[in-house]
Amino acid sequence: KPGSPKSLIKKTARTLREPPTPGLWQRHLDGERPLGIVPIRSGGECYWGVIDVDKYVDLSHRDIYARLAQLAVPAAVCRPKSGGAHIFLFLREPVQAVALISKLREVASVLGFGDCEIFPKQTEILEDRGDLGNWLNMPYFDAEKTVRYCVNEHGRAMSLGAFLDKYEKLRLSAEDFEKILTGTTGLDD
């Protein structure tokens, strides 16, 4: 939609062919320049993926968090600039994008968000054609005053430090990733 947050981002965004350096992250955290990152790497591998919920009415981050806990899905729920939800799965070791997309679609469907976007969008990157993949805006832009943050079990904003601690706890092994929605991940929250 013209004038929506996503359309404004698309007008001003540019894709860089470089890794997300500490300097780029610092500019993002300082509120100088937002950072979007492509989750898929060469070889079709990913260390993270996202369910992008673009629902803005009657959306409760706390309820999403609670439902994920009931399902034993170790994911982070973040509030993006749009006010929707970004549900992140983090991995200790890479998994193939096709497997990650499939698992994220399954989780999204169980949560009632079966029609939402999934990142990564691609199952492979054709580097010889110059493909880069689709990027996702990262949380904690302008970290001290951000409206893009991870929520805790009460649906309240977490500090950047608390989010980084949570991230470390949520990173899944490939084995635990495979067990999502089977009820056997064995991870404690």
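Two strands pair if DSSP finds at least two bridges between them. Strands here are DSSP runs of E with at least two residues, numbered from the N terminus.

This is a predicted model, in which local features need pLDDT of at least 70, side-chain atom pairs count only at pLDDT 80 or more, and totals for chains, interfaces and linings use all residues. Residues are numbered from 1 along each chain as its sequence is written, and side-chain values use heavy atoms, with hydrogens and water left out.

**Stop 1: the strands**

Select residues 76-79, strand S3. Together S3 and S4 form a hairpin, with 5 residues between them. Click Gly-83 in the turn: its phi is positive, about 95°. Now find Val-77, which stands opposite Ile-87 in S4.

Next, show residues 149-150, strand S7. S7 runs antiparallel to S3, and 2 bridges join them. Here Cys-78 stands opposite Cys-150. In a regular strand the side chains alternate between the two faces of the sheet.

**Stop 2: the core**

Select Leu-68. This residue belongs to the largest nonpolar core, which has 52 residues. Such a core is a set of buried Ala, Val, Leu, Ile, Met, Phe, Trp, Tyr and Cys residues joined through side-chain atoms within 4.5 Å. Buried means under 20% relative accessible area, exposed over 50%, and partly exposed in between, using a 1.4 Å probe and protein chains only. Ile-51, Leu-68 and Leu-89 touch the most other members.

Which residues does Leu-68 touch, not counting those up to four places away in sequence? Show Val-73, Ala-75, Val-77, Ile-87, Val-107 and Leu-111. Contact means heavy atoms within 4.5 Å. In soluble globular proteins, nonpolar side chains tend to be buried together.

**Stop 3: the salt bridges**

A salt bridge is a side-chain nitrogen of Lys or Arg within 4 Å of a carboxyl oxygen of Asp or Glu. How many does a search of the whole structure find? It finds 4. Visit these among them.

- Glu-32 and Arg-27: the closest N and O atoms are 3.6 Å apart. Glu-32 is exposed at 53%; Arg-27 is partly exposed at 37%.
- Glu-117 and Lys-121: the closest N and O atoms are 2.4 Å apart. Glu-117 is partly exposed at 25%, and Lys-121 is partly exposed at 40%.
- Glu-175 and Lys-179: the closest N and O atoms are 3.2 Å apart. Glu-175 is exposed at 53%; Lys-179 is partly exposed at 26%.

Technical notes
Helices (H or I, at least four residues) and strands (E, at least two) are DSSP runs, numbered from the N terminus.
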